[in-house]
Amino acid sequence: MTLALDVFRAGALDGARQWADLNPEERRRRALLAAQHLDAASLWSLTEAHTYLYGAAGGALSPRTARAYREGVGKFLQHAEHAGVSVIRPDRDDGPLYARTLETQGLTPSSVRVNLAAARALYRALRWAGVTALDPFSDTKAAKDRTAAWDKRQPYSHAEVQALLTAAGPRDRVLLLLCAHGGLRISEALALTWADCEGDLLIVQHGKGGKLRRVAVSGSLRAALAAWREETVDGAVIGSTQTAARERLRRLCVRASVTYKGWHALRHYAGTRAAAQLGLETAAQHLGHASIETTRVYAKWADTSLKDALKGW
């Protein structure tokens, strides 16, 4: 476990204990006061405590999810203040009206869903504290996304990946291959330590949902890791923040004359290539997908049968 993740989970556990150790009346009093004053910090602390204790992820709650929920709770409280919504005694229509407000602000359907999930988490926490029995979001749904999933997950092409690898130095070459061949998310790649590199396998200690998985290493990634290992010491393989990594990729794309699509598009490249060459089940295993339905998105990109057929028309 990385130090940052250790610190986050220790803090979340401590916050959960503080709320859980209160007697029910005191917990209700503090939560009620926070709701009356739209105290974002206190209401987030309550929401995080309930989510950590009773949420599906439990102790594996990720900093990324917590950050998104915190921002979502803050956004709803700002809306409540501006729109005159009573957090304690909301109307039935307040949830749908909030969803439609987010949509008119230009948020994508996925962003609306995240914000609604945060608001639902807030109301679960308020019910836990005994502040209200109401939930204006129980029947609230975000509008369907009209853009197909595979149209939003455009991978780098094989030629673009090769151009990036050609322009990259040893460190960035490793990071590119961890994502483009290993299929790692950028957060997983940056958290990788040399102790996680076991011959032909990489150990992702804390993948999505806190899951551990083993990832097969390609020949070129193995060679890149060996070359880079000679220039480093024990510890993190890359040793970088996501912000710094994104900026390096932007500069690398400029040097390679490749349109910047972010690090995740390299994972999409890995998924597309694995689906085409290895089949859906193997691709799902390689990427660590819990459901093969998620991997079917990459099959859409890998299927060139229609385009190939049209060439002969």
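**Reading the chain**

Reply: Buried means under 20% relative accessible area, exposed over 50%, and partly exposed in between, with a 1.4 Å probe and protein chains only. The model is predicted, so local features need pLDDT of at least 70 and side-chain atom pairs count only at pLDDT 80 or more, while totals for chains, interfaces and linings use all residues. Residues are numbered from 1 along each chain as its sequence is written, and side-chain values use heavy atoms, with hydrogens and water left out.

Me: Where is Leu38 found, and what is its phi?

Reply: Leu38 is in the loop between α2 and α3. Its phi is positive, about 50°, although Leu38 is not a glycine. Ser257, in the loop between α12 (242-256) and α13, also is not a glycine and has a positive phi of about 55°. Ser257 is exposed, at a relative accessible area of 70%.

Me: How many helices and strands are in the protein chain?

Reply: Helices (H or I, at least four residues) and strands (E, at least two) are DSSP runs, numbered from the N terminus. The protein chain has 16 helices and three strands.

Me: Which residues have the most contacts inside the largest nonpolar core?

Reply: In soluble globular proteins, nonpolar side chains tend to be buried together. A nonpolar core is a set of buried Ala, Val, Leu, Ile, Met, Phe, Trp, Tyr and Cys residues joined through side-chain atoms within 4.5 Å. Here the largest one has 42 residues, and Leu46, Phe76, Val87, Leu126 and Val131 have the most contacts inside it. Its largest share, ten residues, comes from α6. A second, separate core of 38 residues includes Ala168, Ile186, Trp194 and Leu202.

Me: Which residues does Phe76 touch?

Reply: Contact means heavy atoms within 4.5 Å. Leaving out residues up to four places away in sequence, Phe76 touches Val85, Val87, Tyr98, Ala119, Leu122, Tyr123 and Phe137.
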